[in-house]
Amino acid sequence: MEALRLVLYVLHMLAMLAIVVGPFVAGRGHLVQVWGARIQLLLGLGLTGLAEAGDDPVNHAKIGTKLVVMIAVLACAEIGNAKSKRGENGKTLALVAAGLAVVNAIIAFVW
C-alpha cells in the first residue's frame, strides 16, 4: 500500500509541475496546464482515498480546503485554455492557476 501511495504522490507532484510550468511553455502550454490540473485532481482524490483506508486520522478540513483550491485551479486553467483557443489572452488566468497550485502545496506542507 505504501508503494502505491508513493507512486501516486510522485505523479501528483509531476502534475503540479505541469500546472506551474505550463504557462511558460511556448505553443501548447495551456493544454499542458489543463491536463496537469485534471490529473492532479484525480491523483489527489486517490491519495485521499488511500489515506482514509489507512490507520492514521485524516484532517478533513485540510482536504476540503485543498479540494476547493484545486477546483479553482482547474477552472482557471480550463477557462484560460478556452480563451487562448479563441485567440484571446488567457495568460493571466494561467498564471493565477499556477499561483493557486503553489498555494495548495503550501497548504499541504504547512497545515
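Helices α1, α2 (29–53), α3 (60–85) and α4 each supply at least two residues of the lining of the largest pocket; helices are DSSP runs of H or I with at least four residues, numbered from the N terminus. This is a predicted model, in which local features need pLDDT of at least 70, side-chain atom pairs count only at pLDDT 80 or more, and totals for chains, interfaces and linings use all residues. Residues are numbered from 1 along each chain, and side-chain values use heavy atoms, without hydrogens and water.

A pocket here is an open set of points on a 1 Å grid over the protein atoms alone, where a 1.4 Å probe fits, with protein on both sides within 12 Å along at least five of seven lines; lining residues have an atom within 4 Å of a point. The volume is the space filled by probe spheres set on the points, which are joined across faces, edges and corners.

| Largest pocket | Value |
|---|---|
| Volume | about 1000 Å³ |
| Lining | 32 residues |

Gly44, Leu47, Thr48, Ala51 and Ile63 lie nearest the pocket centre.

Helix α1 (residues 2–21) packs against α4 (residues 91–110) with axes 8 Å apart, at about 145 degrees; axes are lines fitted to C-alpha atoms over the stretch in contact, and angles run from 0 to 180 degrees between N-to-C directions.
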